[in-house]
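Student: Could you walk me through how to read a few features of a structure? I'd like the general idea, then the case at hand.

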Amino acid sequence: GCGQPIDDVAVDAAGCNWHPDCFRCARCHEVIRSNEQDSQQVYREDDLFPLCGQCCQKCFCGRCDKEISGVVITALEKKWHPDCFKCSKCANVVGTAEFKVEGQQALCVTCAQRLFCGGCHGEITGQALRARGETWHPACFTCSKCRQPIGVVEGRRLGCSVEGGR
């Protein structure tokens, strides 16, 4: 809301009280009049931000935030224009092609098959180290204290050579 005191009529919605003229759609900025019979002005309670009925029925892109008409990609709990749905690693358009999900990121099939370092996030083409559920360049897997690469210490144990194998 506007932050000003409410002297008379208030709209109680989205966990706040609003002046009737301040309760606006977060997308189109039109005043939401919940007491009118016009079904296009009804506020949906489950939305994080107030949306009028008309905007609730529209579909907006997770990347560009523009309305989608036509083909809609639904992934990562969002909706996307096909040209806006891109690989998180190489930024190539995935569109309607096959993709993989890692964490909250979409990867094209090519990038999903490549190895990326858990430290520098660069591609790993040579020797790799698997630790802490990730793949690392050996030089990027470092001690949190001294920042020296962690390697084999005392036979088979991973540890920091500077910190005495800790």
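Student: Let's begin with Thr135: is Thr135 buried or exposed?

Tutor: This is a predicted model, so every reading is a reading of that prediction. For burial, look at the relative accessible area: buried means under 20%. Thr135 has a relative accessible area of 10%, so Thr135 is buried. Thr135 sits in strand 10, residues 134-136.

Student: Which residues does Thr135 touch, beyond those up to four places away in sequence?

Tutor: With those set aside, Thr135 touches Leu115, Phe116, Cys117, Gly118, Ile124, Ala128, Leu129 and Arg130. With Arg130 there is also a polar contact, side chain to side chain, at 2.9 Å.

Student: And how should I read a nonpolar core?

Tutor: In soluble globular proteins, nonpolar side chains tend to be buried together. Here the largest nonpolar core has 16 residues, and Leu76, Trp80, Phe85 and Cys87 touch the most other members. Strand 3 (73-75) and strand 6 (105-108) are the elements that give two or more residues to this core. Strand 6 supplies the largest share, 3 residues.

Student: What does Phe85 touch, not counting residues up to four places away in sequence?

Tutor: The partners of Phe85 are Ile73, Ala75, Leu76, Trp80, Val93, Val94, Gly95, Phe99 and Ala106. There is also a second, separate core of 10 residues, with Val11, Phe23, Ile32 and Cys56 among them.

Student: How many disulfides does a search of the whole structure find?

Tutor: A disulfide is a covalent bond between the sulfur atoms of two cysteines. To call one here, the two sulfur atoms must lie within 2.5 Å. The search of the whole structure finds 0 disulfides. For Cys90, the nearest cysteine sulfur is that of Cys87, 3.7 Å away. For Cys140, the nearest is that of Cys117, also at 3.7 Å. Cys90 counts as partly exposed at 27% relative accessibility, and Cys140 is partly exposed at 25%.

Student: Last one: where is Arg24 placed?

Tutor: Arg24 lies in the loop between strand 2 (16-18) and helix 1 (53-57). At 40% relative accessibility, Arg24 is partly exposed. Arg24 and Pro50 are 26 residues apart in sequence, and their C-alpha atoms are 6.8 Å apart. Leaving aside neighbours within four places in sequence, Arg24 is in contact with His29, Glu30, Val31, Ile32 and Pro50. The side chain of Arg24 also reaches the backbone oxygen of His29 at 2.9 Å.

Conventions. Residues numbered from 1 in each chain as written. Predicted model: local features only at pLDDT ≥ 70, side-chain atom pairs only at ≥ 80, totals over all residues. Heavy atoms only, no water. Core = buried A, V, L, I, M, F, W, Y, C linked by side-chain atoms within 4.5 Å. Buried < 20%, exposed > 50% of the residue type's maximum accessible area, 1.4 Å probe, protein only. Helix = DSSP H or I, 4+ residues; strand = E, 2+ residues; numbered from the N terminus. Contact = heavy atoms within 4.5 Å. Polar contact = N/O pair within 3.5 Å; in protein donor to acceptor, adjacent residues only side chain to side chain.
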